[in-house]
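Dear colleague,

I am passing on the structure that we talked about, and my notes on it come after it. Please look through the structure before you read them.

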Amino acid sequence: MRYAKVDGAGVVTDVIVSDQVVPGYEVVNDAVGIGFRKVSGIFLSPADAPVAEVVPESVSRVQLSLQLLALGVPNGLDNADIQATINALPEEDQIRFRGATRFERSNPQLIALAALPPINITDSQVLDAAFIAASKIT
């Protein structure tokens, strides 16, 4: 039998042939090789498999501000509406926000801020896409 080890992203990282069951590996056909991707239970060749972009855990202050500009938010993080929302936060949170050099995608306050005008992002997939785009800004 032919067995493949599949990582958490669904990518085949190892292929072996064995007459016995191999723990941590799954049975595959002869066409499957290293680099194939398992999508919805089907192994696709590297050329055919869609590559999912990884959402970054955080982006820099500059990246976030420039991405806000790209989304049509005037003045990026310095937008008056954004600043008014920050000013309404408890003082410790204001200090944390203003002093932050990186912004975490999972931060509940950032998620709440993104849902308010002028950003208006309430869909987590759209926010993920914004973080992916921001992470590519150099």
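The notes below go from the chain as a whole to one pair of strands.

This is a predicted model, in which local features need pLDDT of at least 70 and side-chain atom pairs count only at pLDDT 80 or more, while totals for chains, interfaces and linings use all residues. Residues are numbered from 1 along each chain as its sequence is written, and side-chain values use heavy atoms, with hydrogens and water left out.

The protein chain holds five helices and seven strands (DSSP runs, H or I of at least four residues for helices and E of at least two for strands, numbered from the N terminus), and their order along the sequence is β-β-β-β-β-β-α-α-α-β-α-α.

As to overall form, the radius of gyration of the protein chain is 22 Å, whereas a compact globule of 138 residues would have one near 14 Å (taken over C-alpha atoms, the globule rule being 2.2 Å times the number of residues to the power 0.38). Along the principal axes, the C-alpha atoms fill a box of roughly 65 × 30 × 25 Å. Of the 138 residues, 33% are buried, that is, under 20% relative accessible area with a 1.4 Å probe, protein chains only.

Strand S1 (residues 2-6) runs antiparallel to strand S2 (residues 12-17), and five bridges join them; strands count as paired if DSSP finds at least two bridges between them. Lys5 has Asp14 in S2 as its bridge partner. The two strands form a hairpin with five residues between them, and Gly10 in the turn has a positive phi of about 85°.

Key
Buried means under 20% relative accessible area, exposed over 50%, partly exposed in between (1.4 Å probe, protein chains only).
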